[in-house]
Amino acid sequence: MPEDNPFAQLPRDADPPPALKTRVMADLRRRGLIRSVWLPRVLALAAGLALFAAGTWVGARDAGPPAGQQFALLLYEPASFDTTRPHDELAAEYGAWAQSLGTRFVAGDALGDQRVLGGTVGSEVPTGYFIVRASSWEEAMSIAAACPHLRHGGTVAVQAIMT
């Protein structure tokens, strides 16, 4: 019994001759029935690379100074410290000073009660701290010298943070 489908006898895994494949593909492209797949892929890759480069540039720009050691500015309140100003007023003043440091300011806050384990510490307890980034001891000391805590009779100890 003859088969109705003459293509059924052809092997399923056979490729057409290269010349025929090239002619058919060229004709289909000319008619607009298929498009080249490499152009959209190249454009997508270029867009991805542009976004990656832009993200890297923005991240590097917003990261602040890449170099610089961190220093702790420890705030102490000796007997000469002016306690007449309200805490919120001092906090606002100190906060404005920290903001003026820009990317050199890392962190800071008031400290509460202290409990000690394993020995004794000096009689004075720090009441606050700032962490700043500076390129040298001289710059760290200059930053500390501008701290408003000194204007109120406080003491500022500068200590390098080991990394």
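View 1. The whole structure, a predicted model, contains 4 aromatic pairs. Rings of Phe, Tyr and Trp (its six-membered ring) are paired if their centres lie within 6.5 Å; planes under 30 degrees apart are stacked, over 60 edge-to-face, and the rest tilted. Tyrosine 94 and phenylalanine 130 make a tilted pair, with 6.5 Å centre to centre and 45° between the planes. This pair links distant parts of the chain, since tyrosine 94 lies in helix H3 and phenylalanine 130 in strand S3, 36 residues apart. Phenylalanine 105 and phenylalanine 130 have ring centres 6.3 Å apart and planes at 65°, so this pair is edge-to-face. Here strand S2 holds phenylalanine 105 and strand S3 holds phenylalanine 130, 25 residues apart. Helices (H or I, at least four residues) and strands (E, at least two) are DSSP runs, numbered from the N terminus. Tyr94, Trp97, Phe105 and Phe130 form one aromatic cluster.

Local features need pLDDT of at least 70 and side-chain atom pairs count only at pLDDT 80 or more, while totals for chains, interfaces and linings use all residues. Residues are numbered from 1 along each chain as its sequence is written, and side-chain values use heavy atoms, leaving out hydrogens and water.

View 2. Buried means under 20% relative accessible area, exposed over 50%, and partly exposed in between (1.4 Å probe, protein chains only). Phenylalanine 130 is buried, at 6% relative accessible area. Phenylalanine 105, at 27%, is partly exposed. Tyrosine 94 is buried.

View 3. Leu90, Glu93, Tyr94, Trp97 and Ala98 are the buried residues of H3. Seen down the axis of H3, they fall within an arc of 135°, so they line one face of the helix; the arc is that of the directions from the helix axis to the C-beta atoms. Asp88 and Gln99 are exposed on the face turned away from the buried side. The cover over the buried residues of H3 includes strands S1 (69-76), S2 (105-110) and S3 (128-134), and helices H4 (137-145) and H5 (148-151). Glycine 102 follows H3 and has a positive phi, near 65°.

**View 4. Tryptophan 97 and the largest nonpolar core.** A nonpolar core is a set of buried Ala, Val, Leu, Ile, Met, Phe, Trp, Tyr and Cys residues joined through side-chain atoms within 4.5 Å. The largest has 18 residues, and those with the most contacts inside it are Phe71, Leu73, Trp97, Phe130, Val132 and Ile143. S1, H3, S3, H4 and S4 each give two or more residues to this core, and H3 gives the most, with 4. Leaving out residues up to four places away in sequence, tryptophan 97 touches Leu73, Phe130, Ile143, Ala146, Cys147 and Pro148; contact means heavy atoms within 4.5 Å.

**View 5. The two sides of helix H4.** Ala140, Ile143 and Ala144 are buried in H4. They cover an arc of only 100° around the axis, which puts them on the same side of H4. Glu138 and Ala145 are exposed on the other side. The elements covering the buried residues of H4 include S1, H3, S3, H5 and strand S4 (155-160).
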